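Dear colleague,

Please look through it first and then read on.

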Amino acid sequence: QVQLVESGGGLVQAGGSLRLSCAVSFNMFVFNAMGWYRQAPGKQREFVARISSGGNTNYTDSVKGRFTISRDNAKNTVYLQMGSLKPEDTAVYYCNAETFTGATMPKPALSWGQGTQVTVSS
């Protein structure tokens, strides 16, 4: 019954790279997009990146140029390739399906999974 399972987190040094994976139990094209979010200690969960059903991508400014979101429908998996990691990237990373209509902003559509911890040391 688990629909979202994140993995790939770990401890890395600043400047390092890490690839996160999100295994889903549904056809991702059912939703408008798939997205990655993160939540740092004491902070609200924030949007990180998304990839639409059509392949369009969007990133929050702080990760633009460093992170790349992708998906493999055959493997029912969404990835977040993270490079040039910074200590401020430290957070629990979550994935989710997203829906939006017209002028509305994309919204997470499913219950949150457990996420995967990413810790970047300086």
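A salt bridge is taken here as a side-chain nitrogen of Lys or Arg within 4 Å of a carboxyl oxygen of Asp or Glu. Please keep in mind that this is a predicted model.

Glu46 forms a salt bridge with Arg38, with 2.8 Å between the closest N and O atoms. Glu46 is partly exposed, at 32% relative accessibility, whereas Arg38 is buried, with a relative accessible area of 5%.

Arg38 also meets Asp89 in a salt bridge, at 2.9 Å from N to O. This pair links distant parts of the chain, since Arg38 lies in strand S4 (residues 33-39) and Asp89 in the loop between strand S8 (77-82) and strand S9 (91-99), 51 residues apart. Asp89 is buried, with a relative accessible area of 1%.

Which residue does Asp89 meet in a salt bridge at 2.7 Å, N to O? The partner is Arg66, and this pair, too, links distant parts of the chain, with Asp89 in the loop between S8 and S9 and Arg66 in the loop between strand S6 (57-59) and strand S7 (67-72), 23 residues apart. Both Asp89 and Arg66 are buried.

Conventions: Residues numbered from 1 in each chain as written. Predicted model: local features only at pLDDT ≥ 70, side-chain atom pairs only at ≥ 80, totals over all residues. Heavy atoms only, no water. Buried < 20%, exposed > 50% of the residue type's maximum accessible area, 1.4 Å probe, protein only. Helix = DSSP H or I, 4+ residues; strand = E, 2+ residues; numbered from the N terminus.
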